[in-house]
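Morning, everyone. I'll take a few minutes on some side chains. Please have the structure open as we go.

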Amino acid sequence: MAKKSRSNKRKPYLVAMLFCDQILEDKNDRTISLIRAIDQVDLHVPRSSPEDYPNEANRMVASFSTFLSFKSCGNSGRHTVHCIMESPSGKKGRVFEQAFDFTSEPHGGANFILHSAVKVYKGGIFWLYAYLDGKRVGRAPIRILIHRHQLDKEGPNAPDQEQADG
Amino acid sequence: MAKKGKPKASTAGPYINAAVFCEYPIEDTKDMISVIKIFDRIEAELPAGFKAGERVIMNTWFFVAAKAGDAKGKHKLELVLIEPNGTRGIVSESDLLLLGDEHGQFLRANLNFSIQAGGLYWMDVLIDGKSFTRTPLRVVFRQPSKATEKTPLASTNPHA
């Protein structure tokens with residue numbers, strides 16, 4: 001019995017999901033550059049802050065950008081992309097959703113740039129999940145560290161002591 | 001008896017977070033990587049006197065970001081170029097040392113490979129022989145008289 005021929009048409013898929021400091025787009029050739037790929041964000045608590053800062057009511061903000069690149073694999077048309085961020089405590093929140101027309105060429109697709117400002121009071125590993133048309137297609141972890149600089153008894157000129165929280 | 005649950009997806013691994021062609025990846029003094037000018041289409045200028053059937057050397061960079069997840073230890077990462085006619089050839093082999101969890105490793109591969117025709121190429125990314133993703137590259141041959149410079153072009157819709 002002859003084998004069923006498999007369709008060469010694959011579903012669109014994710015080829016890049018990266019956190020970085022900055023994302024630049026060349027206006028001439030539309031190429032994207034990812035400046036300083038990161039997997040960790042360091043937040044420093046100002047010396048002048050109260051001892052209980054940050055806390056649930058007063059949080060720090062971790063800012064970073066995320067680059068998502070999908071390839072259409074010939075499946076052009078409108079697709080919906082959404083992202084969910086999961087905190088170390090397991091809380092999840094939708095951080096992005098957009099329907100977009102993917103280009104028709106097999107090497108085409110769509111790029112998305114997310115600028116995130118995550119409010120945190122504890123450090124830990126946050127997960128970003130990417131979904132295409134409701135199906136999860138990728139995930140990426142980012143560690144957010146909160147550093148508390150403690151003033152030494154000898155005074156402000158003493159070397160910093162860093163304490164990573166989480 | 002309670003059924004065994006599926007393993008949590010967030011602990012599976014290894015997995016690939018990026019596999020892209022780029023003009024060059026830079027590593028700065030603090031070991032931070034920047035990926036400059038990602039592209040999925042390239043115009044290759046043919047050398048003078050080029051005859052159909054001859055091969056042209058392409059030089060490009062390929063960037064891979066791998067994450068460990070469950071995987072720990074040494075793994076083998078291979079890049080396999082698939083030509084428009086289906087011919088496959090390994091263009092890069094390297095060790096991937098994974099430490100588990102959220103840790104990962106970046107690979108910057110400077111590739112020199114010969115191609116015979118324009119068309120749609122694919123870079124298959126394999127870890128320990130298993131394909132994890134593949135990245136397309138449209139190669140367009142250009143006659144030397146028409147232009148002077150090789151220009152990578154992004155054809156994917158950038159969207160902010």
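Let's start with a cysteine. A:Cys83 is buried, because its relative accessible area is 0% and the cut-off for buried is under 20%. Keep in mind that this is a predicted model.

Next, B:Cys22. This residue also counts as buried, at 1% relative accessibility.

For B:Cys22, the nearest cysteine sulfur is that of A:Cys20, at 13 Å. A disulfide needs the two sulfurs within 2.5 Å.

On to the rings. The whole structure holds ten aromatic pairs over all chains. I'll show two of them.

Pair one is in chain A. A:Phe70 and A:Phe102 sit 5.9 Å apart, centre to centre. Their planes are at 45°, and the pair is tilted. Where do these two residues lie? A:Phe70 is in strand β4, residues 60-71, and A:Phe102 is in strand β6, residues 92-102. They are 32 residues apart in sequence, so the pair ties together separate parts of chain A. Both A:Phe70 and A:Phe102 are buried. Ring pairs also join them into a cluster with A:Phe96, A:Phe100 and A:Phe112.

Pair two is in chain B. The ring centres of B:Phe63 and B:Phe106 are 5.4 Å apart. The planes meet at 40°, so this pair is tilted. It links distant parts of the chain, 43 residues apart. B:Phe63 comes from strand β4, residues 56-82, and B:Phe106 from strand β5, residues 88-115.

Buried or exposed: what about B:Phe63? Buried, because its relative accessibility is 0%. B:Phe106 has a relative accessible area of 30%, so B:Phe106 is partly exposed.

Now charges over rings. The charged end of A:Arg139 sits over the ring of B:Tyr15, 4.0 Å from the ring centre. That one brings together a residue of chain A and a residue of chain B. Within chain B, the charged end of B:Lys130 sits over the ring of B:Phe132, at 5.2 Å from its centre.

Last stop, another arginine. B:Arg142 lies in strand β7 of chain B, residues 130-142. Its relative accessible area is 14%, so B:Arg142 is buried. What does its side chain touch? The side chain of B:Glu43, in a polar contact of 2.7 Å.

That's my tour. Over to you.

Definitions and conventions:
Residues numbered from 1 in each chain as written. Chains lettered and ligands numbered in written order. Predicted model: local features only at pLDDT ≥ 70, side-chain atom pairs only at ≥ 80, totals over all residues. Heavy atoms only, no water. Helix = DSSP H or I, 4+ residues; strand = E, 2+ residues; numbered from the N terminus. Buried < 20%, exposed > 50% of the residue type's maximum accessible area, 1.4 Å probe, protein only. Polar contact = N/O pair within 3.5 Å; in protein donor to acceptor, adjacent residues only side chain to side chain. Phe/Tyr/Trp six-rings, centres within 6.5 Å; stacked < 30°, edge-to-face > 60°. Lys NZ or Arg CZ within 6 Å of the ring centre and 35° of its normal.
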